[in-house]
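Dear colleague,

Please find below the structure that I am passing on to you. My notes on it follow the display.

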Amino acid sequence: MHFRGLDLNLLVALDTLITELNISRAGERIHLSQPATSGALARLREYFKDDLLVPVEQKMAVFG
């Protein structure tokens with residue numbers, strides 16, 4: 001897999017999002033605001049052309 005054009009900082013956000021399954025808590029752990037963390041998720045979704053995480057009730061779930 002090639003990661004051309006991917007901001008590697010987004011991988012830190014992805015790891016934290018998958019661990020926390022919550023955008024606000026993930027942002028707190030990596031010292032980003034909720035909107036910035038949500039933006040990082042949007043950029044990851046666009047890069048990988050995948051939903052990655054989807055909202056389920058009050059938290060996120062890994063999609064797929």
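Ile23 counts as buried, because its relative accessibility is 16% and the cut-off for a buried residue is under 20%. Please bear in mind that this is a predicted model. Ile23 is found in helix H2, which covers residues 23–29. If neighbours within four places in sequence are set aside, Ile23 is in contact with Leu17, Gln34, Thr37, Ser38, Leu41 and Met60. Between Ile23 and Ser33 there are 9.2 Å in space, C-alpha to C-alpha, and the two are 10 residues apart in sequence.

**The nonpolar cores**

As a general point, nonpolar side chains in soluble globular proteins tend to be buried together. Which residues make up the largest nonpolar core here? There are 8 in all: Leu6, Leu10, Ala13, Leu14, Ile30, Ala40, Leu44 and Leu52. Helix H1 (9–20) and helix H3 (34–48) each supply at least two residues of this core. The largest share, 3 residues, comes from H1. Apart from this core lies another, of 6 residues, and Leu17, Ile23, Ala26 and Leu41 are among them.

Leu10, a member of the largest core, is in contact with Ala40, Arg43 and Leu44, leaving aside its neighbours within four places in sequence.

**Helix H1**

H1 has 12 residues and reaches 17 Å from its first C-alpha to its last, which is close to the 16 Å expected at 1.5 Å a residue. Its buried residues are Leu10, Ala13, Leu14, Thr16, Leu17 and Glu20. These buried residues of H1 pack against H2, H3 and strand E1 (53–56). Just after H1, Leu21 takes a positive phi of about 55 degrees.

With kind regards

Definitions and conventions. Residues numbered from 1 in each chain as written. Predicted model: local features only at pLDDT ≥ 70, side-chain atom pairs only at ≥ 80, totals over all residues. Heavy atoms only, no water. Core = buried A, V, L, I, M, F, W, Y, C linked by side-chain atoms within 4.5 Å. Buried < 20%, exposed > 50% of the residue type's maximum accessible area, 1.4 Å probe, protein only. Helix = DSSP H or I, 4+ residues; strand = E, 2+ residues; numbered from the N terminus. Contact = heavy atoms within 4.5 Å. Expected span 1.5 Å × (residues − 1).
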